[in-house]
Amino acid sequence: MKRLKFLSFSMAACIVCLLTMTSCSAAEVPAASGGAGMDSAKLTSEAQSASTFSDVPSGAWYAEAINYCQQHGIMSGTTATTFAPEATLTRAMLATALHRMSGTPAVSDAPVFSDTVAGFWYSDALSWAAKNGIISGYGDGTFGVNDPTTREQAVTILWRYAGEPEGATAADISDAALVSTWAKAAVRWANANGILEGITNNRRFDPKTNIKRGEVASMLYHYLSNTTSSQPEPAAGGRTLVAYFSATNTTRPLAEYAADILNADLYELVPEVPYTDADLAYYTNGRADREQNDSTARPAISGNVENMADYDVIFLGYPIWHGQPPRIISTFLERYDFAGKTIVPFCTSHSSGYSDSSIKSLAPGANWITGRRFAGGTSRSTMEEWINGLALPQPETAVDAVTSATGKAGFNLETKSVTLNSGYEMPINGLGTYSLHGETCVNSVKSALASGVRLIDTASAYGNEEEVGQAIREAIDEGTIKREDVFVITKIYPGSEMANPEQSIQACLDRLDIDYVDMMLLHHPDRNDVKAYQAMEKFVEEGKIRSLGLSNWYVRELESFLPQVTIPPALVQNEIHPYYQENDVIPYIQDLGIVVQGSYPLGGRGHTAELLGDEVISRIAKAHGVSSAQVILRWNLQKGVVVIPGSSNPDHIKENTELYGFQLTDAEMAQINALDRNEKDDWY
Ligand code: NAP
């Protein structure tokens with residue numbers, strides 16, 4: 001699941017929900033029926049049955065949606081007889097509804113928030129939502145359980161839940177311009193799929209208005225009815241295994257259905273000593289009775305799954321014997337390493353309930369999805385509905401594999417770009433222009449553009465925005481690039497610039513003179529930084545700046561700054577090189593969904609000699625037939641850090657783009673990591 005980081009900042013300043021914690025808990029007491037396996041085929045007939053809520057008249061526009069959500073255990077009432085459709089919906093309520101919608105999966109290693117209570121009605125849902133990046137906590141360690149949710153936030157959260165599908169190019173709503181940048185893709189998708197029906201009034205969406213419970217029911221109802229195909233796909237064949245034990249052929253057909261539906265491999269746990277009818281006779285102190293009474297019994301399995309490492313998801317089918325999985329399931333679970341894999345149990349029984357509690361501890365590190373009990377003779381379509389409703393991990397693509405090599409979602413070494421939380425794509429290698437002036441600057445930028453560089457970093461303080469703008473305009477005129485091909489970053493400086501931000505921002509735009517700026521950063525923290533950032537937010541709303549970011553911002557600064565702004569920073573640019581690695585800061589920023597960009601990647605102009613001549617780096621460079629500079633830049637990229645080396649030398653500029661034809665091994669990464677001296681070139 002993708003990570004929703006940005007909502008944490010934008011909502012931090014929201015007022016506390018009018019509902020108290022107590023009334024919220026009353027509002028979302030666990031529903032009687034589970035939410036697993038949302039069945040869009042049944043939507044119409046079931047949703048039309050009469051409401052049990054006195055405040056949901058049968059003719060109300062939201063009645064059908066509320067009834068559906070209630071009947072499928074997605075949302076319950078605020079009391080046994082009321083739903084409160086006009087009441088504000090809190091973050092905890094939305095997390096709970098989505099958690100139920102995905103089948104109430106169990107959560108392990110859950111994030112802990114200082115404002116949540118373990119074992120409360122929302123606890124698992126919050127942990128699940130945060131862990132899967134659907135709704136993250138705030139930067140201060142709280143979740144904001146009772147905070148309201150705006151319409152654009154709710155739609156974005158649902159979009160994240162749906163796997164961030166592509167939407168239309170434009171939303172057919174009259175106030176699309178008011179939608180925050182980070183929510184635009186979600187709103188377009190929701191609009192294209194009819195999910196905004198019931199939330200819009202005369203094509204007006206009112207993105208900043210707090211969403212109500214009735215509106216959320218409508219949103220979820222339309223999502224389930226209109227976007228079946230956009231729900232998470234089952235994992236593709238070859239990566240999913242359906243393993244099952246079936247002594248009496250009751251579980252077997254369900255396993256076969258599952259393998260067929262999932263396009264998965266099928267594996268039967270065949271006991272070395274088959275079970276006879278006598279073995280299976282209950283309460284005779286026969287073999288099954290004895291094994292089930294002995295938690296250490298481990299009936300041997302004939303054969304092996306030799307390629308277990310290839311599977312990410314294991315569906316595990318078994319009958320229920322004396323209320324538990326047969327002990328042969330324990331044998332299976334103890335035989336392999338399931339760490340990092342997802343296990344989805346399904347069991348068959350005519351009388352007993354679902355059971356997995358005795359086996360979960362046998363697969364340490366596995367992600368268990370709460371499964372389901374089926375009666376013998378269950379149809380294929382029932383299995384299909386259940387499987388389609390599960391939030392299974394997405395199959396990894398080749399691109400994902402490269403992405404995961406960097407460990408940073410959205411950071412793609414194949415496309416050489418990263419998707420920012422603002423929705424824009426940014427190249428992951430560029431040119432820094434600090435200390436480049438006049439003709440040197442113009443020529444360097446044009447040389448970079450001619451070499452395929454599409455990311456240029458400048459700043460008001462560098463005094464060269466005019467030259468950068470000139471080079472870009474000339475390259476456009478000469479047909480080297482189009483404006484939209486190049487991503488330009490500039491920055492405003494502390495002191496008088498941040499004290500008069502509107503003026504300073506406009507001055508940057510004027511000096512660059514390239515229609516708009518792709519990203520503007522605050523160059524350093526300053527007493528007016530929040531004010532300056534808020535001014536930049538206004539320029540984003542006006543379309544003059546596309547994304548925002550910060551520079552020279554560290555953990556403490558981010559913690560205090562982020563809750564005060566609305567548009568989450570898309571990037572933090574800090575000094576990063578092998579002698580100053582920021583190993584605590586980089587993951588902190590990246591975990592917030594913010595891209596990290598390294599300044600001074602080669603140690604800084606005038607200070608590169610020692611780093612480029614470093615024995616370890618030189619040896620690694622020689623092994624790969626590349627330069628020390630390329631090794632350092634590649635090391636950054638493999639950490640998910642964007643690089644902007646500065647250069648006025650066309651050969652260096654070109655060399656600095658050739659970073660994708662080799663890969664540093666884990667050992668080489670570790671050797672460079674060991675060079676950290678905490679030696680900052682530029683102490684601020
Ligand atoms: P840098 O990129 O670490 O180093 C630039 C130096 O490396 C130049 O002397 C350059 O010389 C040399 N160089 C570049 N490529 C080379 C190669 N392939 N082989 C050998 N030498 C090479 O330092 P920087 O330019 O100061 O920093 C990079 C960018 O980060 C800046 O331009 C700026 O955009 C940004 N920055 C931001 C901040 C901030 O506070 N936000 C602070 C500093 C920098 P040649 O010209 O001869 O190639």
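Which unit do β1, helix α10 and β2 make?

Guide: This is a predicted model, in which local features need pLDDT of at least 70 and side-chain atom pairs count only at pLDDT 80 or more, while totals for chains, interfaces and linings use all residues. Residues are numbered from 1 along each chain as its sequence is written, and side-chain values use heavy atoms, without hydrogens or water.

Together, β1, helix α10 (residues 252-262) and β2 make a right-handed β-α-β unit. Helices (H or I, at least four residues) and strands (E, at least two) are DSSP runs, numbered from the N terminus. Right-handed means that, with the strands pointing away from the viewer, the path from the first strand over the helix to the second runs clockwise.

Within this unit, β1 (residues 240-244) and β2 (residues 265-268) run parallel and are joined by four bridges; two strands pair if DSSP finds at least two bridges between them. Val242, for instance, has Leu266 in β2 as its bridge partner. In a regular strand, side chains alternate between the two faces of the sheet.

Elsewhere in the chain, helix α13 (residues 327-335) is mostly covered, with seven of its nine residues buried. Buried means under 20% relative accessible area, exposed over 50%, and partly exposed in between (1.4 Å probe, protein chains only). The buried residues of α13 include Arg327, Ile328 and Phe332.
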